[in-house]
Amino acid sequence: MSLRDDLYKEVILDHYENPRNYGVLNPYSIHERGVNPLCGDELELYLLMKEDIVENIMFSGKGCSISQSSGSMMTELVKGKNKGDALSIMAKFKKAILEDSNENFSEDEADLESLLGVKKYPVRVKCAVLAWNTLEQALKEREL
Ligand code: ZN
């Protein structure tokens, strides 16, 4: 394993063991549940919206370290952002992991790069995108 792989593993483990924004948000304006049956990952997402801004966001769930650390990273990145910015980070991450495209991640988004190592494993990719797909569902429901 290279030094970079070790570093990435550490980033993932840190988010897995000390998840950011973990728990149930009350009050909340949107609740969305995501599951990845291939791996048994579950994620509950709570968002408090103020107009189109994600004023607060929390998640809880169970599953593998990839799915849960991805949830932690996602909440950290979209908290305080407006819907458009949140969705564009999502699009960038999904493009990088699903299409193997070379995306530029800002310093804030750097933790996401640690998850890109799973792109060779289609089953693990579903773990990594679960939190983002759940976020997308939550924000789209908001439009109804
Ligand atoms: Zn998983």
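Predicted model: local features only at pLDDT ≥ 70, side-chain atom pairs only at ≥ 80, totals over all residues.

1. Asp-14 forms a salt bridge with Arg-20, and the closest N and O atoms of the two are 2.8 Å apart. Arg-20, with a relative accessible area of 23%, is likewise partly exposed.

2. Arg-20 also meets the side chain of Glu-76 in a salt bridge, at 3.6 Å from N to O. Because Glu-76 belongs to helix α2 and Arg-20 to the loop between α1 and β1, this pair ties together parts that are 56 residues apart in sequence. Glu-76 is partly exposed, at a relative accessible area of 40%. The model has eight salt bridges by the rule applied.

3. Another of these pairs joins the side chains of Glu-42 and Arg-33, with 3.4 Å from N to O. Glu-42 is partly exposed at 27% relative accessible area, and Arg-33 is partly exposed at 44%.

4. Asn-21 is placed in the loop between α1 (3–17) and β1 (30–36). Is Asn-21 buried or exposed? Its relative accessibility is 18%, so Asn-21 counts as buried, the limit being under 20%. The side chain of Asn-21 makes a polar contact of 3.4 Å with the side chain of Lys-79. Beyond its neighbours within four places in sequence, Asn-21 is in contact with several residues, including Ile-57, Phe-59 and Glu-76.

5. The sheet is open and has three strands in the order β1-β2-β3, with antiparallel pairing. β1 and β3 (53–62) stand at the edges with a single partner strand each, so one side of each has no neighbour in the sheet. On average, neighbouring strands are turned by 20° against each other, direction ignored. The pairing of β2 with β3 runs over nine bridges; Leu-45 has Phe-59 in β3 as its bridge partner.

6. Helix α2 (residues 65–78) lies across β2 and β3, at about 170° to β3. Helix α4 packs on the sheet and touches β1, β2 and β3, its direction making about 155° with that of β1.

7. Which residues coordinate the zinc ion? The donors come from Cys-39, Asp-41, Cys-64 and Cys-127, at 2.1 to 2.7 Å. Asp-41 in strand β2 (residues 41–50) and Cys-127 in helix α4 (residues 122–141) are 86 residues apart, and the pair links distant parts of the chain. Both Asp-41 and Cys-127 are buried.

Conventions:
Residues numbered from 1 in each chain as written. Heavy atoms only, no water. Helix = DSSP H or I, 4+ residues; strand = E, 2+ residues; numbered from the N terminus. Buried < 20%, exposed > 50% of the residue type's maximum accessible area, 1.4 Å probe, protein only. Polar contact = N/O pair within 3.5 Å; in protein donor to acceptor, adjacent residues only side chain to side chain. Contact = heavy atoms within 4.5 Å. Donors = N, O, S within 2.8 Å, 3.2 Å for Na, K, Ca; no water. Pairing = 2+ DSSP bridges. Axes fitted to C-alpha atoms, helices over the stretch in contact; angles between N-to-C directions. Salt bridge = Lys/Arg side-chain N within 4 Å of Asp/Glu carboxyl O.
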